[in-house]
Amino acid sequence: MKSDARVVVIGGGVVGASVLYHLTRAGWKDVLLIERGELTCGSTWHAAGGMHTLNGDPNVARLQQYTINLYKELERISGQSCGLHMPGGIMLAGTRERFDWLKMAQARGRYLGMELELISADEAAKVFPIIDKKYFVGALLDPIEGHIDPYGVTHAYARAAQIAGAEIVRHNRVVDLKARADGSWDVISEGGNVHAEHVVNAGGLWAREVGRMVGLELPVLAMQHQYLITEDLPALKGQKELLTAIDFEGEIYTRQERGGVLLGTYERAGVPWSPRETPWDFTQSLLPEDLERIAPSLEVGFKHFPTLTEVGIRKVVNGPFTFAPDGNPLVGPIRGLKNFWVACGVMAGFSQGGGVGLTLAQWMVEGDPGADVWAMDVARYGDWATLAYTNAKVRENYSRRFRIRFPNEELPAARPLRTTPVYERLQAAHAVFGEYCGLEHALWFAPSAKEAHENITFHRSNAHPHVAAECRAVHEAAGLLEISNYGKFEVSGPATEEWLSYVMANRVPRAGRIALSPMLNERGKLIGDFTMCRVDEQRVFLICTWAAEVYYRRWFERHPPPRGVTVRPCAMEYVGLSIAGPNSRALLQGLTSSDLSSRAFPFLSFRQIDIGMVPALVGRISFTGELGYEIWVTSEYQRALYDLLSSAGREQGLRLFGGRALNTLRIEKSFGTWAREYRPIYGPHEAGLGRFVDFAKGDFIGRAAALEEKESGGTLRLATFSVDAADADAAGDEPIWHDGHVVGWVTSGAYGHRVGRSIALGYIPAALDSAQEGFEIELIGERRAATRESEALLDPGGSRMRG
Ligand SMILES: Cc1cc2nc3c(=O)[nH]c(=O)nc-3n(C[C@H](O)[C@H](O)[C@H](O)COP(=O)(O)OP(=O)(O)OC[C@H]3O[C@@H](n4cnc5c(N)ncnc54)[C@H](O)[C@@H]3O)c2cc1C
């Protein structure tokens, strides 16, 4: 084994092997993979090997597409067979709702170029003859699905990497990792030490243990998973290979295995494996079979696929593999650790392994993942994702693997975890809560405790009239919203302006003022949208997306402030309440001696103000498009502030409103938000944020690329549509059609109660910038006419919020 390497990859499962191969492909040849047993000896060797493109996140789906398309090339380069079988796949719907879900999956697939076909139950029985069609209402066919040989794929990656110069050492466990002052690593293994510039944790089942070597508790947990293989089925003899299949009602997946059928299930009562520590002597091992546990699913399976009852079971496999709380991989660099990378929590190694390897290699070599990988970025989790939180969420996610997630559905596990001081007050006001990064926030308010629950549906829910009333109150009188679920940073010190000016695309405002600013990466793409609130010369309060706090901290570490400037995350130290609506000024003025007139405290002002006895930071800004204020206090004051505003608000027609109403209100104003309209695949000009990029102020990250985008006009355009919807509004990811072709995708949608129509925001090609007619948006399988709006539907001039 060499004693120095540019990269040491820990783990020779399918993921580590893919990372190794992709590093060599990206030009780094001095790379070493260390594996404690044989390649594949973790969770990889006993996998069922199924693969498919569909994923809830289109960006992850794109990487799955890449993975599946890679196998033929990999075979060619390595000379190793991947055991590729591509019979195509079928997803079977047993209910109308599931069929609707398939229609939406088909629609999402359209702008990924997938050729998915919806068929009836009769047609399904023709192409997939082992079903009893009476249990199904229809199905979705995907020609690009199949299965591979896990051993073959892993060895093909490994062999291809070795051909390009990589070294692989087997039967050697890494036992410790020590960071050097320069950010490089001493990798201490049973077979000797290696000095490496970078380390990749691809430890799979042992990713947690490898993480702990550097003080990291990764949110991953292994679940036991079982599949069985039947004896040969006479019906399959001499026939072409069966399609791979998913039967959602039975929570079952199947494929042909030689002359029999492989049938696996994600049972509701899933069982974690080694919840605290993974034993090191678990090598190429399996767990005892437990058919009792999966009996409910098997019963359904035998009913839906009656021919399976005619043969016996040849083999049962029970093996563990790991999941992150949301089921997507954990990939990327770790905040606080230099040159330490992870590629773990990959629950679908044969659909995702190639994409994960590609992403990580590009990130390491180019400094940027090259794609929008937010859905699998390890930075989406923070310290709140503890071992116990992970345990609860992974079990929930596993049990729901084949269940529908409705766009308005909130999941119950691990709740409530994080609450703010006013939580009980909101609860007493019949709030229906949602959860975001472990924090509870009010979605909407019901008239009584009995009505404080929401029907999950693809259509408008029982919340619709209540959200309408909340919007009306904000529009006509005043509304009160808790806004603690925003990210916050305090930047202070003598060179605060200088540093922020380099990190942010907009000019830093003068003291007492607010400026909105995109944050760009070097490619000039959006990696954040910030509100910069300048308290005084040396102190700026940044407000941003709560979910991206770790992501931003990691970015700030990469672009550190000069000596003397402190960047302090303070999200939970400052909690907030916002009031908005035409009566909000009178309401607040009644509680403070500070002059809040438009002359003294105009739009985009920011100041320390006492509200009653409560010291607060107040910004004159609102995401609702109405006159409004965001009020920040340290947490011990939040209840007093809430009580003050609530009682003073009685005379002003104040009503509580929640996240659902806020979403509607901001969409009516065509205001974008992070992870929806603003993501690292869009430039500021494309996203309509060009006016917040100040090219005159000097250099900043992404300036050259943003200038180029401004001059060329970019390739996409964020557009607002009025949709001729019936009783379902767009929720995101629906295709946008123009003149009979899919040209773009929806990022957000809602019913606009102030303007009385259904609205969608989405991206279309820049070439269609001037087109207004001929658009359609596909809602639950139906193409609905959509009118392109040339400006925001409500108050495009902004007089209401500036007034
Ligand atoms: C029953 C079953 C069926 C499945 N079916 C499918 C399927 O149909 N399709 C699909 O896509 N996925 C399937 N999977 C999931 C798939 O197996 C995983 O996604 C995949 O194996 C993850 O690979 P990995 O490389 O991340 O982890 P692992 O395979 O666990 O690899 C990690 C490797 O790291 C090594 N290692 C760890 N720590 C150290 C150390 N300190 N020093 C040296 N080496 C170390 C381990 O020995 C191991 O070889 C299935 C899993 C199971 C259990």
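Predicted model: local features only at pLDDT ≥ 70, side-chain atom pairs only at ≥ 80, totals over all residues.
Local features required pLDDT of at least 70 and side-chain atom pairs pLDDT 80 or more, while totals for chains, interfaces and linings use all residues. Residues are numbered from 1 along each chain as its sequence is written, and side-chain values use heavy atoms, with hydrogens and water left out.

Helices (H or I, at least four residues) and strands (E, at least two) are DSSP runs, numbered from the N terminus. Two strands count as paired if DSSP finds at least two bridges between them. A closed barrel of 6 strands is present. Its order is β33-β36-β35-β34-β37-β38, and the pairing is antiparallel. Neighbouring strands of this sheet are turned by 45° against each other on average, direction ignored. Axes are lines fitted to C-alpha atoms, for helices over the stretch in contact, and angles run from 0 to 180 degrees between N-to-C directions.

Strand β35 spans residues 741-752. On one side, 4 bridges join it to β34 (residues 735-738), antiparallel. Pro735 has Trp745 of β35 as its bridge partner. Trp737 stands opposite Val742 in β35. The hairpin of β34 and β35 has 2 residues between the strands, and Asp739 there takes a positive phi near 50°.

β35 is also joined to β36 by 7 bridges, again antiparallel. Here Gly749 is the bridge partner of Ala760 in β36. This second hairpin has 4 residues between its strands. In its turn, Gly756 has a positive phi of about 70°. Helix α16 (residues 659-668) lies across β35 and β36 (757-765). The helix runs at about 125° to β35.

Burial was assigned by relative accessible area: buried means under 20%, exposed over 50%, and partly exposed in between (1.4 Å probe, protein chains only). A nonpolar core is a set of buried Ala, Val, Leu, Ile, Met, Phe, Trp, Tyr and Cys residues joined through side-chain atoms within 4.5 Å. In soluble globular proteins, nonpolar side chains tend to be buried together. The largest core in this model has 85 residues. Leu177, Leu542, Tyr552 and Phe556 have the most contacts inside it. Helix α13 (residues 549-558) gives the most to this core, with 5 residues. Apart from it lies another core, of 44 residues, among them Leu39, Cys82, Ile148 and Met364.

Residues up to four places away in sequence were not counted. Its partners include Phe489, Val491, Leu500, Met504, Phe530 and Phe556.

Helix α15 (residues 638-649) has 12 residues. It reaches 16 Å from its first C-alpha to its last, close to the 16 Å expected at 1.5 Å a residue. The expected span is 1.5 Å times one less than the number of residues. Gln638, Leu641, Tyr642, Leu645 and Gly649 are buried in α15. They cover an arc of only 100° around the axis, so they lie on the same side of α15. The arc is that of the directions from the helix axis to the C-beta atoms.

A cis peptide bond joins Arg415 and Pro416, with omega about -10°. Pro416 is in the loop between α9 (387-399) and α10 (423-428). Ser274 is not a glycine, yet has a positive phi of about 45°. It lies between β16 (272-273) and α7 (295-304), in the loop. Ser274 counts as buried, at 16% relative accessibility. Cys437, also a residue other than glycine, has a positive phi near 55°. Its loop runs between β20 (431-436) and β21 (439-445). Cys437 is buried, with a relative accessible area of 11%.

Key: Contact = heavy atoms within 4.5 Å.
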